[in-house]
Protein chains: 2
Amino acid sequence: MIELISEEAEFLKGRVRRTPVEFSPGLSDLLGVPVWLKLESLQLTGSFKIRGALFAISRLREDVITCSAGNHGKAVAYASKGAIICVPRSVDRSKFDAMVRLGADVRVSAFDGYDETQDWALEMAARENKYFLSPFDDDAVMAANGGTVAKEVLEDAPDARMFVLPVGGGGLSAGFAVWAKHLLPASRIIGCQHVLSPALKLSLDAGHAITRLPAVETMAAGVEGGIGARTFPVLQPLVDQVALVSEAEIWEGVRWMVAHHQYLIEPTAAVTIAACISGKIRCAEPAVVVISGRNVSAENAKKIL
Amino acid sequence: MIELISEEAEFLKGRVRRTPVEFSPGLSDLLGVPVWLKLESLQLTGSFKIRGALFAISRLREDVITCSAGNHGKAVAYASKGAIICVPRSVDRSKFDAMVRLGADVRVSAFDGYDETQDWALEMAARENKYFLSPFDDDAVMAANGGTVAKEVLEDAPDARMFVLPVGGGGLSAGFAVWAKHLLPASRIIGCQHVLSPALKLSLDAGHAITRLPAVETMAAGVEGGIGARTFPVLQPLVDQVALVSEAEIWEGVRWMVAHHQYLIEPTAAVTIAACISGKIRCAEPAVVVISGRNVSAENAKKIL
């Protein structure tokens, strides 16, 4: 995957933003080591997902069907004109509106969770004979969404040896871990998940990918549901710790970011901040915390603040 | 000032962020021309003020006293260790906290408005025999805070011919207008102000700078108070229109940015968005709207959302 990451990083130059790596005095004080934030929340379309979407779509000649809790769908809508995007009925309003504005054919499932919605999307793809693009379970998507982010982080924060990542389907974390451990074998990867949907933790305990989990009520829809059948085997030997955070801790993470860095981020992205400020992570070395996205509706932001 | 702007742009390379110019589908639909946002809200320290502060401080050998509604103070605190920063008692909590965290000696005046607070700061500077750094009424500050922003905007949105700017003391707008009209003499400059504190409009009507205005109750403290005695003569022949917006329209502008671009910006910065979405601006040509900052407390953000 290393070669694929290099190729995609080259492809993405000038097509996506080189997002800032910003020093965090607040987290550095809390954790006792220098801590930086990788602000993929400032990325085009509001999340890292645009990386994989642009690359994957550039390679496909046919129309795609995809499934998304929101950010991947918004990214695909930006990258492609004819895509059908299936979303859970719990989709964040800001993400739904953005997909529609970008001209996508957005189809809302009858389910709150990602996994059931994906079943529905897969059936639709089979019926309509279209290509199903997974938001995470695909080598090119892992390489773009995780690998190219890691490449920038290691260039911009060369002293960092701990990487705190959000884990949903596992695309970002798997691609990131491959690049980081290739260049810095002694570095540590910490995956952060919702305590009610801890697919990575359950998968590590079971020794195989838990690809389905029941839907849970959360504003952090991007870290809800099972882990990928292809991402987990990549991640399994590379992850050093899993930190689980509650809904309340995630909301506190959103508030902390506004108070300390003046960025509004989405609840999904706040799992990493939540893990840091709730004392679930110990860092012995300089760390980078990945902030994955900013797409949250004004209504949900108001509830949280 | 053109040479000074070029010199400062060179000085600032690598010291500040090259903030994105982002296309706005929503404003383009509303105004009927292509519209981009210059996102100085994503700048280091949360506003364009870091540009002037870094350059001005780099030239001074003595400790400074300055006065600020918040953003300039935060920028000076970031740029300098020993600065004394005078702020009105109405200062936004997020700005105050940030200055204190950056180690500044922050002194809160007994006044709600900027102008009275500056009188107090000037007296202090005279008494303690220190240099008073104006947040806007200084050539180097105008060149950095406005000129270098304009240089980036003209490079990144070469088709734009209308520039929508916030006007407080006039530093950003004066420096911006000098560069823009030098390179594009037929371009148009639109200044946006709070309807209760319309110093630019009053000054244009009077034919001289109105440097003092009574304090008004607003969350947009950065556009409250008089215009600079040095910025106004620069701006006077270059500004084409003044748009005045109400507090309610400003709050609506903050909400619009979250809904359409998913960025939380500060009320001061929302004067330009407010002018666009309230129909106070007509654009016949492609436009760039400058978003000056993001420093708003979680408490005020919640009230607005």
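Mentor: Let us begin with a term for the fold: helices (H or I, at least four residues) and strands (E, at least two) are DSSP runs, numbered from the N terminus. In chain B, Lys201(B) and Asp205(B) both lie in helix α9 (residues 199–206), 4 residues apart, about one turn of the helix. The model is a predicted one, in which local features need pLDDT of at least 70 and side-chain atom pairs count only at pLDDT 80 or more, while totals for chains, interfaces and linings use all residues. Residues are numbered from 1 along each chain as its sequence is written, chains are lettered from A and ligands numbered from 1 in the order in which they are written, and side-chain values use heavy atoms, with hydrogens and water left out.

Trainee: How far apart are the closest N and O atoms of Lys201(B) and Asp205(B)?

Mentor: Side chains of opposite charge can pair when their charged atoms come close. The term salt bridge applies to a side-chain nitrogen of Lys or Arg within 4 Å of a carboxyl oxygen of Asp or Glu. Lys201(B) and Asp205(B) form such a bridge, with 3.0 Å between the closest N and O atoms.

Trainee: Is Asp205(B) buried or exposed?

Mentor: Buried means under 20% relative accessible area, exposed over 50%, and partly exposed in between (1.4 Å probe, protein chains only). Asp205(B) is exposed because its relative accessible area is 57%, whereas Lys201(B), at 33%, is partly exposed.

Trainee: Which parts of the chain does the salt bridge between Glu155(A) and Arg18(A) link?

Mentor: Glu155(A) and Arg18(A) come to 2.9 Å at their closest N and O atoms. The pair links distant parts of the chain, 137 residues apart: Glu155(A) is in helix α7 (residues 139–156) of chain A, and Arg18(A) is in the loop between α1 (2–12) and β1 (21–23). Both residues also belong to a network of salt bridges with Lys151(A) and Asp156(A). Over all chains, the whole structure holds 40 salt bridges.

Trainee: How many residues does each chain give to the contact between chain A and chain B?

Mentor: Contact means heavy atoms within 4.5 Å. Chain A gives 22 residues and chain B gives 22 residues. Buried area is the accessible area (1.4 Å probe) that two parts lose on being put together, summed over both. For chain A and chain B this is about 2000 Å², 52% of it on carbon and sulfur atoms.

Trainee: Which salt bridge joins Glu22(B) to the other chain?

Mentor: Glu22(B) meets Arg17(A), with N to O at 2.5 Å. Across the interface there are 2 salt bridges.

Trainee: What rotation superposes chain A on chain B?

Mentor: Copies are superposed by least squares on the C-alpha atoms of residues with pLDDT of at least 70 in both. Here the rotation is 180°, with 0.0 Å of shift along its axis and an RMSD of 0.0 Å. That is the relation of a two-fold axis. The same surface serves both copies, as 100% of the contact residues of chain A recur in chain B.

Trainee: Where is Thr218(A) found, and what does its side chain contact?

Mentor: Thr218(A) is found in the loop between α9 (199–206) and α10 (231–235) of chain A. A polar contact is a pair of N or O atoms within 3.5 Å; within protein, one must be able to donate a hydrogen and the other to accept it, and residues adjacent in sequence count only if both atoms are side-chain atoms. The side chain of Thr218(A) makes one with the side chain of Glu247(A), at 2.6 Å. Thr218(A) is buried, its relative accessible area being 19%.
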